[in-house]
Amino acid sequence: MEELARDSISLLASAAPKSSLRLWAPGLLNFPWAFAKAGGIHNAVAVELASLVFLVSGLVILGYSSSVSGRCTYQAVVREMCGLAIGHLCEICFIFNLFMISVAFLVIMDDQLGKHQRFALVLLCGLLILPMSIHKEISVQKYSSVLGTLAATYMTIAIVIKYHNTPSAVVHISPSYSSGVGPERDGLDMSRGQKDELLGLHLYCHSHHLLRFPRVYGYLTFGKEVKADVLMSYSSDDVVMIIARLLFAVSLVTIYPIVLLLGRSVIQDHLLRRWRPCAGVSALESRSRYVVTVLWITVTLLFAIFVPDISKIISVIGGVSAFFIFIFPGLCLMFAMQSEPVAWRTRVILTLWGAFTLVCGAFIFGQSTTITIMQILGKI
């Protein structure tokens with residue numbers, strides 16, 4: 001149990017600085033709209049707090065599974081604990097989720113470009129994002145955290161100030177506490193023996209305090225009239241919000257190559273495992289890197305152009321996220337209880353919790369995916 005606690009805290013610590021501000025961007029802009037769809041802040045906070053229980057539970061389970069399996073990446077842990085078939089499913093979900101996050105980034109950038117946005121987005125992808133993404137190592141990673149933090153902080157301050165300076169704000173109540181649930185698992189690094197675990201855990205909690213303000217105040221300012229991208233709810237000639245849009249767009253340009261690298265690494269690992277005997281490793285790595293990078297950017301660009309509604313993309317990401325927050329941790333726990341030497345009562349309780357988590361995740365995925373498909377088809 002001591003090892004479980006240590007690994008779980010280390011997992012939270014390592015995940016916080018990597019994921020909270022890098023991969024939060026689509027959901028951060030979409031949260032005020034989600035609050036409106038949920039029926040207000042109180043309903044949304046209740047759902048978030050319930051989801052937070054499962055999120056923390058999933059992180060603890062993954063920390064334990066990492067110590068049991070000896071693996072250091074999400075998909076490797078799932079493959080080792082649950083078998084090859086579920087491991088392949090995890091890799092597919094992982095790639096698809098990162099792909100949709102990339103699409104969401106491009107849609108947000110497209111929103112901020114204003115007139116001639118499609119042409120400008122194509123130029124942005126071809127002249128800036130592609131050269132930044134094609135290399136084996138993404139050098140821009142060292143700047144993305146700074147830019148992401150700067151953009152999120154500026155946007156938070158701007159939205160709060162705009163709310164207090166808007167006499168006609170739609171909703172006039174004190175904002176409630178809320179904690180967000182987002183795609184943290186994309187940045188997980190489950191290596192053990194890290195230092196400063198408690199400091200990392202503090203940063204994890206602090207980042208959630210920072211990110212709650214734009215969500216709540218964005219909803220308080222516009223109420224049910226808020227747009228899926230909250231920045232687009234403000235006037236196009238508002239200089240303060242123009243700067244916020246610009247900072248956010250620049251930060252996304254630096255984050256996109258990192259998301260692509262994460263997805264590309266999983267694809268390349270699979271290709272190298274399958275075709276390594278047939279070709280030189282170096283040549284295969286180079287060719288696959290160029291092909292996957294170009295295809296990734298091209299296809300995400302096409303999706304962003306023809307599906308420009310960020311709310312539908314976020315709904316797809318949310319549905320697939322159920323696998324990472326609920327389903328895979330539940331499966332890992334159930335498989336671990338079949339092989340690990342634990343007390344009978346503990347085995348039964350944890351197996352039931354894993355099964356309950358699995359069922360909840362399957363329900364959320366099914367409901368979210370069905371509603372999204374119906375919306376895309378124009379049925380509702």
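**Reading helix packing and aromatic pairs**

Modeller: In this predicted model, helix H4 (residues 74-82) packs with helix H11 (residues 310-339) at an angle of about 35 degrees, the axes lying 9 Å apart.

Biologist: By what are two packed helices described?

Modeller: The description rests on the angle between the axes and the distance between them. Here, H4 passes H11 in a left-handed crossing.

Biologist: Which residues of H4 and H11 meet?

Modeller: From H4 come Tyr74, Val78, Met81 and Cys82. Their partners in H11 are Phe323, Phe324, Phe328, Pro329, Leu331, Cys332, Phe335 and Ala336. The residues of this contact divide into 12 nonpolar, no polar and no charged.

Biologist: How many aromatic pairs does the structure hold?

Modeller: There are 13 aromatic pairs. One of them joins Phe54 and Phe326, with ring centres 5.0 Å apart. Planes count as stacked under 30 degrees and as edge-to-face over 60; the planes of Phe54 and Phe326 stand at 45 degrees, so the pair is tilted. Because Phe54 lies in helix H3 (residues 41-69) and Phe326 in H11, the pair ties together parts 272 residues apart in sequence. Phe54 and Phe326 are both buried.

Biologist: Why is the pair of Phe99 and Phe303 edge-to-face?

Modeller: The ring planes of Phe99 and Phe303 are at 90 degrees, so the pair is edge-to-face; the centres are 5.4 Å apart. Phe99 in helix H5 (residues 84-113) and Phe303 in helix H10 (residues 281-306) are 204 residues apart.

Biologist: Is Phe99 buried or exposed?

Modeller: Phe99 counts as buried because its relative accessibility is 12%, whereas Phe303, at 37%, is partly exposed.

Biologist: Which residues form one aromatic cluster?

Modeller: Tyr74, Phe94, Phe323, Phe324, Phe328 and Phe365 do.

How values were computed:
Residues numbered from 1 in each chain as written. Predicted model: local features only at pLDDT ≥ 70, side-chain atom pairs only at ≥ 80, totals over all residues. Heavy atoms only, no water. Axes fitted to C-alpha atoms, helices over the stretch in contact; angles between N-to-C directions. Helix = DSSP H or I, 4+ residues; strand = E, 2+ residues; numbered from the N terminus. Left-handed = near helix turned anticlockwise from the far one by under 90°. Contact = heavy atoms within 4.5 Å. Nonpolar A, V, L, I, M, F, W, Y, C, P; charged D, E, K, R; others polar. Phe/Tyr/Trp six-rings, centres within 6.5 Å; stacked < 30°, edge-to-face > 60°. Buried < 20%, exposed > 50% of the residue type's maximum accessible area, 1.4 Å probe, protein only.
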